Amino acid sequence: MSLEFLLASGIGALAAAGFWLMLRARTFDVVLGLTLLSYAVNLFLFSAGRLNPGRTPLLRDGVAPLLSNYTDPLPQALVLTAIVISMAMTALLLVLAIQARSANATDHVDGKERGG
Amino acid sequence: MNHAVVLPLLLPLIAGAALVVLHRAPPAVRRGVGLLSTLLMAVAVAALGLQVEAHGLMVYQVGNWPSFAGIVLLADPLAVLMLGLLVVLALAAQLFATGGEDRHGPHFQALFQFQLFGLAGAFLTHDLFNLFVFFEVLLAASYGLLLHGQGGERLRQGMHYVVLNLLASVLFLLAIGTIYAAAGSLNMSDLSVRIGALAEGPQALAMAGGALMLVVFGLKAALLPLSFWLPRTYSAAPATSALLFALMTKLGLYALIRINTLLFGEDAGALAGFAWPWLFWAGAAGAVFAAISALAARRLRPLVGQLVVGSAGVVAMAVGMGTQAALAAALFYLAHSTLTMAAFFLLADWIRRQRNGGDVLFRAGRLEHRGLLGTLFLFLALAAVGLPPLGGFLGKVLLLAYADPSGQGVVLWSVVLGVSVLNLVALARSGSRLFWQPPLPGAAAVAGSGTGAPGLGERLALALLLTALVAVAVLASPLARYVAAAAGLLQQPGQYASAVLGLDPLPSTEPQ
């Protein structure tokens with residue numbers, strides 16, 4: 001199996017699980033779903049620079065500074081930023097979920113049980 | 001390099017950081033630092049505006065990196081217009097917050113400054129990923145401001161708002177990744193050159209990225225299938241946040257204009273203007289739907305929320321016409337409607353506090369200051385519907401005058417006029433209920449228990465917004481020329497490309 005196939009199906013599985021969890025009406029599931037989705041997106045961003053196994057984004061002596069000799073460093077920088085941001089946002093969402101749980105006495109995303 | 005471009009970003013960032021440290025200082029000190037920073041920012045924006053007027057596009061290479069490698073900030077007439085609206089709304093919000101909202105938590109002023117930082121950055125940046133980062137900055141701050149002085153209802157709406165926006169961020173990242181994979185750059189001007197030259201395969205990828213962006217910013221701008229979150233969130237938000245929210249929907253429209261004129265504009269080859277029809281029809285449907293929902297609103301603040309959605313729809317429709325004249329009219333109407341909606345949120349908050357029934361559009365408590373509030377309501381209703389003598393009328397006339405009388409033009413005419421009539425009915429009915437209907441006998445006993453007549457800061461805030469509204473009407477001719485020039489420039493992505501990509505970094509100052 002090629003690396004592309006593995007990565008693409010991994011992204012697909014993560015995104016599918018993430019969306020399924022997000023559609024559930026409990027705050028913790030939604031938080032988990034968003035986390036899985038952000039993993040999927042981070043892998044996707046990483047692959048935007050094409051998969052170049054065995055190549056580093058660091059310049060070496062004697063190797064011409066062309067993208068064909070190196071892997072693209074920019075998507076990796078983007079992924080790092082995206083990871084930091086999504087971690088912070090997840091933390092915030094967790095705090096919010098706990099607060100909403102104690103204020104509304106339920107973990108339903110609408111703040112009340114259906115029909116209640 | 002001219003540092004005027006980066007100043008509107010640095011001022012709120014530094015002030016915000018200082019306010020985090022000062023969170024134990026007396027409220028008056030924090031308030032003073034916040035107001036001072038916003039005033040300085042207003043001066044910086046005015047200076048930037050004058051420079052853009054004199055020199056045309058102003059490009060700032062952050063860290064002195066060449067444009068293709070580093071992040072570029074760019075100030076053009078459109079960015080200056082949005083920054084101008086931002087400082088007016090920010091000053092009004094801060095004045096209004098002196099009425100007590102800024103004492104609900106120690107970090108109000110710091111969060112407010114960070115939100116200004118994020119908004120100003122989003123207006124100035126010329127890099128897709130940087131746009132994402134500034135969106136996150138302003139959203140993180142807006143979550144904080146929204147949940148200030150929280151209650152069950154606010155938490156519930158806050159939860160929806162945060163989750164929706166996080167999902168939008170995920171889609172935004174997907175769009176960025178797709179466009180980078182297709183075109184290999186994130187600089188908007190670089191992209192405008194590269195997208196036109198793409199082969200068929202990558203072109204389809206770039207279009208997918210552009211369509212994802214349409215969804216992301218459609219959610220922020222509350223275009224039709226993505227607008228259901230807005231009225232409830234806005235009506236649960238404290239007045240100060242609601243005021244900035246009035247600008248945040250317009251930020252979505254701004255990003256749509258920016259991306260679809262630069263990335264998918266005149267130079268984009270087969271992809272040129274592919275998003276315009278989508279914007280047009282989503283805007284039309286959104287405006288009609290919001291006008292009907294406004295008729296059904298039972299409270300004043302959701303009603304204003306629907307007006308926000310409706311005005312965003314009208315602007316999106318005009319932008320979606322894709323011509324320079326329609327774009328100019330859209331910008332004019334955007335400026336007017338942002339100010340109107342912001343003032344309306346403040347007024348709704350006054351009314352809610354003075355009436356024991358809150359802002360329910362039914363027989364509730366009697367209002368104090370009925371004459372003043374009623375006059376203001378009438379004034380703002382005229383502005384929101386777009387009746388003379390205010391700027392909304394001129395904006396709509398501009399829209400109708402330049403709409404091609406065939407095809408889309410017919411739809412534009414019918415929607416704009418139909419929506420105006422429906423809004424007029426909705427506002428006339430709610431006005432008469434709020435101000436003329438006597439309270440139910442039972443309610444009369446507790447009537448007049450409204451707490452807090454509007455304080456000085458709150459009066460000043462509303463006065464500032466009303467002055468700006470009148471200024472839009474009085475200075476309509478220079479403003480119309482200004483937006484026409486801004487729209488003309490937006491239609492020439494080549495000008496941006498030569499300004500951004502043609503700029504060399506400063507020579508090194510290190511001793512050789």
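Predicted model: local features only at pLDDT ≥ 70, side-chain atom pairs only at ≥ 80, totals over all residues.
## Chain B as a whole

Let's start with chain B, whose secondary structure comprises 20 helices and two strands. Its radius of gyration is 22 Å, close to the 24 Å that the globule rule gives for 512 residues, so chain B is as compact as a globular protein of that length. Along the principal axes, the C-alpha atoms of chain B fill a box of roughly 80 × 60 × 40 Å.

In chain B, 60% of the 512 residues count as buried. Among contacts in chain B with a separation of 6 or more, 79% link residues 24 or more positions apart.

## Chain A as a whole

Chain A has three helices and zero strands, giving the pattern α-α-α along the sequence. With a radius of gyration of 19 Å, well over the 13 Å that the globule rule gives for 116 residues, chain A is more spread out than a compact globule. The box filled by its C-alpha atoms, again along the principal axes, is roughly 70 × 30 × 15 Å.

Of the 116 residues in chain A, 27% count as buried. Contacts between residues 24 or more positions apart make up 55% of those in chain A with a separation of 6 or more.

## Where the chains meet

The interface brings 25 residues of chain A into contact with 19 residues of chain B. On the side of chain A, the elements that give two or more residues are α2 (27-47) and α3 (73-104). Helix α3(A) provides the largest share of that side, with 13 residues. Sorted by class, the side of chain A that touches chain B has 18 nonpolar, six polar and one charged residues.

## The largest nonpolar core

In soluble globular proteins, nonpolar side chains tend to be buried together. Here, the largest nonpolar core holds 225 residues, and the members that touch the most others are B:Leu89, B:Ala92, B:Leu243, B:Leu346 and B:Leu465. Helix α13 of chain B (residues 324-354) gives the most to this core, 21 residues.

B:Leu243 is a handy place to look at the contacts in detail. Setting aside neighbours within four places in sequence, B:Leu243 is in contact with B:Leu89, B:Ala92, B:Ala93 and B:Phe96, and also with B:Ala342, B:Phe345 and B:Leu346.

## A helix pair in chain B

Helices α14 (residues 370-385) and α16 (residues 408-435) of chain B pack at an angle of about 175°, and their axes are 10 Å apart. That angle makes α14(B) roughly antiparallel to α16(B), since angles over 145 degrees count that way.

From α14(B), the contact involves B:Arg370, B:Gly374, B:Phe377, B:Leu378, B:Ala381, B:Ala384 and B:Val385. Facing them from α16(B) are B:Ser420, B:Asn423, B:Leu424, B:Leu427, B:Gly431 and B:Phe435. By class, this contact has eight nonpolar, four polar and one charged residues.

## A closer look at B:Thr261

Beyond its neighbours within four places in sequence, B:Thr261 is in contact with B:Leu490, B:Gln491 and B:Pro493. B:Gly100, by contrast, is 161 residues from B:Thr261 along the chain, and the C-alpha atoms of these two residues are separated by 42 Å.

Definitions and conventions:
Residues numbered from 1 in each chain as written. Chains lettered and ligands numbered in written order. Core = buried A, V, L, I, M, F, W, Y, C linked by C-beta atoms within 7 Å. Buried ≥ 20, exposed ≤ 12 C-beta atoms within 10 Å, placed from the backbone. Helix = DSSP H or I, 4+ residues; strand = E, 2+ residues; numbered from the N terminus. Contact = placed C-beta atoms within 7 Å. Nonpolar A, V, L, I, M, F, W, Y, C, P; charged D, E, K, R; others polar. Axes fitted to C-alpha atoms, helices over the stretch in contact; angles between N-to-C directions. Parallel < 35°, antiparallel > 145°, perpendicular 65-115°, else oblique. Rg over C-alpha atoms; globule rule 2.2 N^0.38 Å.
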